[in-house]
Amino acid sequence: MLVTVLQFPGTNCEYDTKYAFEKLGAQVQIIWHEETQLPQGTDLVVAPGGFSYGDYLRSGALAKFAPIMNAVKEYAANGGKVLGICNGFQILVETGLLPGALKRNDNLHFISKHHHLKVVNNENTFLQELEVGEVINIPVAHHDGNYFIDQDSLQELKDNGQILLQYCDKNGSNKVLNGSVSQIAGVCNKEKNVFGLMPHPERAMEVLLGCDDGVKMLQGFFK
Amino acid sequence: MKAIINIGLKKGVLDSAGKATHHTLDRVGFADIVKDVRVGKQIIMELNCSDVETAKKEAASMCEQLLANTVIEDYDITIEA
């Protein structure tokens with residue numbers, strides 16, 4: 001399995017992401033945003049976390065016009081799997097590969113802590129190793145993670161099973177973290193080959209570092 | 001020619017920064033006069049263009065493609081000679 005991790009100026013989670021996928025047995029290649037093609041044989045593209053282009057204008061807004069993004073869009077259009085984590089999620093919504101938008105957190109704070117998430121849908125590659133309703137504990141670290149989508153589009157997400165994860169407490173009851181509509185923490189596209197989430201599964205790979213709930217998430221891509 | 005573009009969150013999208021600023025203005029002593037606060041951003045650009053309509057059209061295209069996220073933001077363009 002070949003995982004291609006995108007690197008923009010300001011990306012800072014590319015090496016954690018590489019570590020996480022290598023731990024699970026993948027071959028990982030980090031590629032610079034000025035490349036125009038993805039490596040031959042890429043099985044998964046990951047847009048990792050960080051602050052691409054300093055979050056100037058809006059988080060993720062400038063990255064969508066990076067040269068490599070044309071190749072990513074084409075790859076996704078042909079059914080290729082793409083995962084956006086944190087800033088990567090912001091980039092994918094700005095690019096239009098995922099629905100909605102990510103606003104400043106309602107409390108205006110940068111939120112950095114472990115937080116519980118509830119699996120809403122597992123009929124997709126990403127979360128197939130988890131049960132619906134299962135509660136996992138994954139770190140979040142973001143300023144602009146407040147997911148917004150209008151009511152009609154929200155209904156579409158629900159109808160199509162595109163809501164992947166919701167913020168919750170340890171018992172699985174919805175819990176407000178950042179003001180996201182319906183406490184949404186992650187979504188996928190209608191075709192279920194593009195995934196995005198604000199929490200960082202690649203930071204939850206070792207019990208020694210607090211928790212390894214990220215393993216079960218990322219393992220889905222290996223099935 | 002100059003384009004002055006104001007970008008802000010759409011009505012109905014909660015403006016947390018506006019709300020927090022309003023709250024502080026109230027505390028500073030402006031509660032009686034301030035009804036609502038919206039915080040946005042302004043982009044000013046010099047254009048290599050002498051036709052107002054073209055300038056407006058091009059600026060709108062920039063907003064649609066990059067400057068604004070139309071899922072959550074509105075934009076307003078003023079062209080100055």
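1. A residue counts here as buried if 20 or more other C-beta atoms lie within 10 Å of its own, and as exposed if 12 or fewer do. The model under discussion is predicted. With that cut-off, helix H2 of chain A (residues 67-77) has these buried residues: Ile68(A), Met69(A), Ala71(A), Val72(A), Tyr75(A) and Ala76(A). They lie on the same side of H2(A), because they cover an arc of only 160 degrees around the axis. Pro67(A), Asn70(A), Glu74(A) and Ala77(A) are exposed on the other side of H2(A). The general rule behind such a pattern: an α-helix has 3.6 residues a turn, so residues three or four places apart point the same way.

2. Chain A has an open sheet of nine strands. Its order is E2-E1-E3-E4-E11-E10-E9-E6-E7, and the pairing is mixed. E2(A) and E7(A) (135-142) are the edge strands, each pairing on one side only. On average, neighbouring strands of this sheet are turned by 25 degrees against each other, direction ignored. H3(A) packs on the sheet and touches E3, E4 and E11 of chain A. The direction of H3(A) makes about 120 degrees with that of E4(A).

3. Two pairings in the chain A sheet can be checked residue by residue. E1(A) and E2(A) are parallel, over six bridges. Gln7(A) has Trp32(A) as its bridge partner in E2(A). Between E1(A) and E2(A) the chain passes through helix H1 of chain A (residues 14-23), and this β-α-β crossover is right-handed. Strands E6(A) (residues 111-119) and E9(A) (residues 163-168) pair in the antiparallel sense, over four bridges. Here Val119(A) stands opposite Leu165(A) of E9(A).

4. Chain B has an open sheet of three strands in the order E2-E1-E3, with antiparallel pairing. Its edge strands are E2(B) (41-46) and E3(B) (73-80), and each pairs on one side only. The twist from one strand to the next averages 20 degrees. Helix H2 of chain B (residues 52-67) packs on this sheet, where it touches E1, E2 and E3 of chain B. The direction of H2(B) makes about 155 degrees with that of E3(B). Eight bridges join E1(B) (residues 2-9) to E3(B) in the antiparallel sense. Asp76(B) in E3(B) is the bridge partner of Asn6(B).

5. Is Ile5(B) buried or exposed? Ile5(B) belongs to strand E1 of chain B. Ile5(B) counts as buried because it has 20 C-beta neighbours inside 10 Å. Leaving aside neighbours within four places in sequence, its contacts are Gln42(B), Ile43(B), Ala59(B), Cys63(B), Leu67(B), Tyr75(B) and Ile77(B). Lys19(B) is 14 residues from Ile5(B) along the chain, and their C-alpha atoms are separated by 22 Å.

6. How many residues does each chain bring to the contact between A and B? Chain B gives nine residues and chain A gives 10 residues. On the chain B side, helix H1 of chain B (residues 16-30) supplies the largest share, three residues. The chain B side that touches chain A divides into seven nonpolar residues, two polar and no charged.

Note on methods:
Residues numbered from 1 in each chain as written. Chains lettered and ligands numbered in written order. Predicted model: local features only at pLDDT ≥ 70, side-chain atom pairs only at ≥ 80, totals over all residues. Contact = placed C-beta atoms within 7 Å. Nonpolar A, V, L, I, M, F, W, Y, C, P; charged D, E, K, R; others polar. Arc of directions from axis to C-beta. Pairing = 2+ DSSP bridges. Axes fitted to C-alpha atoms, helices over the stretch in contact; angles between N-to-C directions. Right-handed = clockwise from strand over helix to strand, strands pointing away.
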